[in-house]
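Colleague: I have a structure open and would like to learn how to read its features. Could you walk me through it?

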Amino acid sequence: MYRLTVLSHRLQSITFTILLTLIISVILPGVTWATGLGIDNGHLISCPASDNCVVSQNADVNHNIEPITYHIGREKAKELLLKVLTVVPRTEVIEQTDNYIHALSKSRIFKFVDDVEFYLPVDKSVIHMRSASRVGESDLGVNRRRMEQIRLALRDLNI
């Protein structure tokens, strides 16, 4: 009888822990809303002072990343970019217009959300990009590596 009671308490404790973990994982991502996104006067929004962001327009030395240049039509470049984004792990496009793409990319273990943005100006054959973590001070270079991998994938597709 004693063993059954101990087993029952242990099962309740495990169930409570799992339920609490699920609740926290659902609530916490909703707390960190995206701010400072989009295009302002033909430029992606600048990075904050934290070391968890890269941007190809109006950036200081620590946050700067080169834009992606292309030599094909703008619509085809956008189409190939969207295709590449479908294979970037844990990444989902959530908004797109004729010249802008916004995707969310989540880390594998803790599900931290990064905002990944692309801007295709009408008058230039470049894709400007920005990738920023929503929380924390450092991303250990994850945002920069992601954008460089996207650049390499597009280069392999001969854009």
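Modeller: Happy to. Let us begin with contacts, meaning heavy atoms within 4.5 Å. Among contacts in the protein between residues at least 6 apart in sequence, those joining residues at least 24 apart account for 51%. This is a predicted model, where local features need pLDDT of at least 70 and side-chain atom pairs count only at pLDDT 80 or more, while totals for chains, interfaces and linings use all residues. Residues are numbered from 1 along each chain as its sequence is written, and side-chain values use heavy atoms, with hydrogens and water left out.

Colleague: Which pattern does the protein follow along the sequence?

Modeller: Helices (H or I, at least four residues) and strands (E, at least two) are DSSP runs, numbered from the N terminus. Here there are three helices and eight strands, and the pattern reads α-β-β-β-β-α-β-β-β-β-α.

Colleague: How should I read burial, and what share of the residues is buried?

Modeller: Buried means under 20% relative accessible area, exposed over 50%, and partly exposed in between, using a 1.4 Å probe and protein chains only. Of the 159 residues in the protein, 36% are buried.

Colleague: Now helix packing. At what angle do α2 and α3 cross?

Modeller: Two packed helices are described by the angle between their axes and the distance between the axes. In this model, the axes of α2 (residues 74-85) and α3 (residues 142-156) come within 10 Å and cross at roughly 125°. That makes α2 oblique to α3. The axes are lines fitted to C-alpha atoms, for helices over the stretch in contact, with angles from 0 to 180 degrees between N-to-C directions. Angles under 35 degrees count as roughly parallel, over 145 as roughly antiparallel, 65 to 115 as roughly perpendicular, and the rest as oblique.

Colleague: Is the crossing of α2 and α3 left-handed or right-handed, and which residues make the contact?

Modeller: The crossing is right-handed; that label applies if the near helix is turned clockwise from the far one by less than a right angle, and left-handed if anticlockwise. On the α2 side the contact uses L80, L81, V84 and L85, and α3 supplies I150, A153 and L154. These residues divide into seven nonpolar, no polar and no charged. In that scheme Ala, Val, Leu, Ile, Met, Phe, Trp, Tyr, Cys and Pro are nonpolar, Asp, Glu, Lys and Arg are charged, and the others, Gly among them, are polar.

Colleague: What about R151: buried or exposed?

Modeller: R151 lies in helix α3 and is buried, with a relative accessible area of 11%. Not counting residues up to four places away in sequence, R151 touches I65, E66, P67, I68 and M129.

Colleague: How do I read a backbone phi value, and where is N41 found?

Modeller: Most residues other than glycine have a negative phi, and most peptide bonds are trans. N41 has a positive phi, near 50°. N41 sits in the loop between β1 (39-40) and β2 (43-44) and is exposed, at 69% relative accessible area. L140 also has a positive phi, near 55°. L140 belongs to the loop between β8 (126-133) and α3, and its relative accessible area of 71% makes it exposed.

Colleague: Which residues does I72 touch beyond its sequence neighbours?

Modeller: I72 lies in the loop between β4 (68-69) and α2 and is partly exposed, at 26% relative accessible area. Leaving out residues up to four places away in sequence, I72 touches A77, L80, N158 and I159. I72 and S125 are 53 residues apart in sequence, with 8.1 Å between their C-alpha atoms.

Colleague: And what is the C-alpha separation of V87 and I150?

Modeller: That separation is 9.8 Å, for residues 63 apart along the chain. V87 is in the loop between α2 and β5 (91-96) and counts as exposed, at 64% relative accessibility.
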